[in-house]
Amino acid sequence: MPETLLQIKTFFQSERLKKYAKRFGFFILGLIAILLLACGALSIYFNQNKAEIVAKVNHKINENINGKFHVTDFHYKFLTGFPNFTLALKDVELKDNQWNSHKHTLLKANEIEARLNIWSLMQNEINIHKIVINDAQINIYKAANGYSNTNIFKPKKKKTPSNNEKPETTIDEVLLDNVHVSIDNQLGHKLFDFDVSSLKSKVDYDDDNWTTDLFLKTKINSLAFNTVHGSFAKEKELEGHFDISYNDEKEKIDIKTKNLKIGSDSFDIVAFFNIGKGNSLSGINIETTILWRSASNLLSGNISKKLNQFDLKKPIEVNCDIKGDLNVEGDPKIVVQAIIKNNELTIPDGLFTNCSFKGIFTNNFKPQNGFNDPNSAIVLTNFKGEYETIPLRIPQAVINNLEKPIATGLVNADFDISKLNGMMNEKMLHFESGHAKTNLRFQFDIVDLYINKPRFTGDVDIDSATFDYIPKGIRAEKTAVQLSFTQEALYIKKIAYKHKKNIIQIDGKIDNFLNLYYDAPEKMVVNWNIYCPNIDVKQFLGILKNSPTQKTAHQKSAKKNVNFTNQLKSVIDKCTAVINLKADKITYGALTATNTKATLQMLNSKLLLKNGNVQTSGGTITFNGAIEPKGNNYIFSSVAQVRNVDIASFLKSFNNFEIKSFSPKNIKGRLSSDANVTGFMNGKGNLIVNSMRGKLSFKVNQGALLNFEPIMKVGKFAFPRRDVENITFSDLSGDLTLRGEQIDIHKLTISSSVLNLDIDGIYSFGRGTNLALTVPLRNSKNDAQLATKAERKAVRERGIVLHLIAYDNEGKMKIKWGKRDKE
């Protein structure tokens with residue numbers, strides 16, 4: 001190794017090397033001198049022939065244009081482009097013949113370098129091989145009438161076969177530096193505007209066809225295929241290489257590029273442009289992997305404004321195809337396809353996690369309707385995802401008409417319903433357990449990109465659901481529901497509902513459900529068929545209570561679906577429910593009824609009862625009535641017919657109507673009654689007797705009065721030897737008017753085994769009793785044996801008749817002789 005280094009050192013210090021180095025230096029200096037002499041000679045040649053060269057350039061340009069070419073000055077650039085002859089044109093302007101009408105200058109440049117072939121120039125020919133344009137503006141303009149300032153260029157003459165024909169001038173290389181390019185197409189309402197920092201293109205010719213590898217670095221000011229809707233890729237930097245070819249026969253330019261940078265994203269693009277007068281079709285196909293927001297911001301404003309309301313967390317695979325006619329007004333055809341895998345989708349109404357699907361956007365959903373927002377659509381296929389933890393499958397969904405978007409599709413779901421708590425108003429519903437399966441076709445409007453008025457057709461099956469309906473304080477346990485949504489109605493095929501000890505089986509129908517649910521819930525009629533093996537009425541009175549008013553002002557709920565649950569609550573509150581009820585056993589306090597049938601209508605918080613029929617206390621009751629909340633109580637009205645019930649059992653069931661002067665054990669017999677009354681029940685469902693108003697008539701058959709204190713007092717006073725403790729009746733009937741705490745007794749007839757008695761006047765549950773008693777003294781023990789009512793009436797008041805008054809004396813019942821004064 002040291003010997004090798006020594007040899008190299010010796011070689012560089014040798015006289016031989018110095019000799020060769022000196023000769024090489026002289027050679028280089030000679031070449032520089034020759035170059036300088038040649039350039040100097042070219043400069044001298046230009047100065048001596050400037051007028052002729054300028055004339056030739058002007059002639060060359062002007063023979064190919066219909067317009068005006070203006071150059072302030074020409075000069076030769078020393079050493080630039082050698083061995084070619086570089087001619088610099090200063091302050092260049094190129095205008096067409098109609099510039100005065102449209103004022104769009106085709107070309108305005110501070111400097112244009114034209115590199116001419118020196119040998120052609122020596123032979124009096126202008127052959128430009130390279131053009132360099134610095135600090136320029138290129139404005140291509142097409143008027144609304146179809147005229148373009150590019151018409152300045154004369155069409156090429158058709159070549160004729162000739163061996164002596166001179167080759168046509170070609171430009172082999174074009175460079176642009178700091179050039180503003182604008183293509184304003186007023187006919188098609190299109191505007192393409194670029195600030196070109198750098199463009200480099202070397203062109204290879206094959207007759208009239210050519211190819212080039214072009215480098216471009218530019219800023220996109222406007223890429224508007226429709227100026228009304230805005231620009232694609234606005235204000236984005238673009239940089240990359242393009243493979244471009246031109247076919248003269250087809251008058252078509254083809255462009256390909258790989259890894260083209262637009263902003264911070266890379267794109268593969270294939271495009272074509274037809275530039276013939278009769279054919280201006282164009283097409284651009286773009287492929288990339290990109291974030292949703294980045295892709296959206298590359299689209300025109302009318303599209304990106306809508307798409308920016310959505311987001312995908314991870315990059316997506318996108319293919320965009322744009323096809324159109326540059327001379328046709330309006331948007332081109334746009335088709336965007338995207339593949340989404342295991343992503344997070346944000347929409348204005350919520351968040352989808354773990355979602356995968358294929359999405360397609362098109363602005364030509366129905367081919368015959370053109371390329372526009374009303375005919376635009378987004379198509380989703382094979383969608384899988386979780387919405388607020390609820391797994392959903394959508395085989396296909398379409399959102400069409402982006403001016404007034406409507407979404408349609410099919411959705412499948414299979415989930416535990418406790419997951420609904422995440423999307424419900426926590427003050428309305430709370431689900432504890434249960435499972436749901438849905439298979440629904442949906443349609444809904446999208447207003448300001450939010451779901452509005454969703455409509456469904458299909459089936460929903462819910463099994464073993466336990467939930468609380470908080471506004472009414474209702475808890476449902478182990479509830480099964482089968483729903484079928486159709487265009488005509490909602491069919492409730494089955495609801496198996498358990499509430500405390502109550503078991504209810506329900507089916508029903510809601511006509512015109514899809515329309516009335518949103519637009520007129522107050523007109524919605526829910527037809528229920530309810531069968532109850534056993535039901536306690538008092539436990540359901542809470543359903544009628546008005547829901548507490550929710551203060552919503554200045555409060556923002558964290559739930560994104562509060563509008564949905566509030567709408568559901570509004571429908572429940574406003575709709576009318578018509579219930580055909582059948583119950584094997586109904587209990588109301590101490591009252592037990594069997595074989596119950598009735599039609600119930602729920603209107604807001606009011607319950608109407610129609611055609612009711614129950615069996616109780618050994619008889620029947622038919623009734624019509626209404627119940628509704630009133631403060632902390634319930635107001636009721638009833639028209640009822642009671643037939644042949646056991647009076648003691650019946651009175652006991654209603655807590656003896658709060659009458660203290662006798663109890664159910666004081667009376668027996670079969671009661672029939674007609675009543676038309678109103679009144680109040682308390683929050684527990686018990687009658688507030690002194691609130692009752694209306695008319696009541698009754699009759700007791702096979703009756704007996706046992707140990708009834710008022711009669712016993714009269715008996716001891718007037719009939720000390722008769723059995724007033726056990727009185728049987730051949731007639732016990734009356735007509736009463738109820739006035740709250742007081743009862744007007746218009747006629748109370750008692751025909752008994754002890755005596756006959758007629759009563760009228762006022763009976764009070766509190767103070768103010770004033771009753772007139774008419775008491776025949778004759779013994780009526782055998783009156784019941786008389787054959788006819790007329791015979792019994794004829795003997796009723798024979799003999800001595802007493803007139804007594806039963807009145808209130810400081811809360812105690814007193815008896816005195818006399819007749820009651822009638823007011």
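A: Start with charges over rings. A charge sits over a ring if NZ of Lys or CZ of Arg is within 6 Å of the ring centre and within 35 degrees of the ring normal. Here Lys252 lies over the face of Phe272, 5.0 Å from the ring centre. The charged end of Lys95 sits over the Trp99 ring, 3.8 Å from its centre. This is a predicted model: local features need pLDDT of at least 70, side-chain atom pairs count only at pLDDT 80 or more, and totals for chains, interfaces and linings use all residues. Residues are numbered from 1 along each chain as its sequence is written, and side-chain values use heavy atoms, leaving out hydrogens and water.

Q: How many aromatic pairs are there?

A: A pair of aromatic rings is described by the distance of the centres and the angle of the planes. Rings of Phe, Tyr and Trp (its six-membered ring) pair if their centres lie within 6.5 Å; planes under 30 degrees apart are stacked, over 60 edge-to-face, the rest tilted. That rule gives five aromatic pairs. Phe431 and Phe467 have ring centres 5.8 Å apart and planes at 45°, so this pair is tilted. One aromatic cluster is formed by Phe352, Phe357, Phe383 and Tyr387.

Q: Is Phe431 buried or exposed?

A: Buried means under 20% relative accessible area, exposed over 50%, partly exposed in between (1.4 Å probe, protein chains only). Phe431 has 12% relative accessibility, so Phe431 counts as buried.
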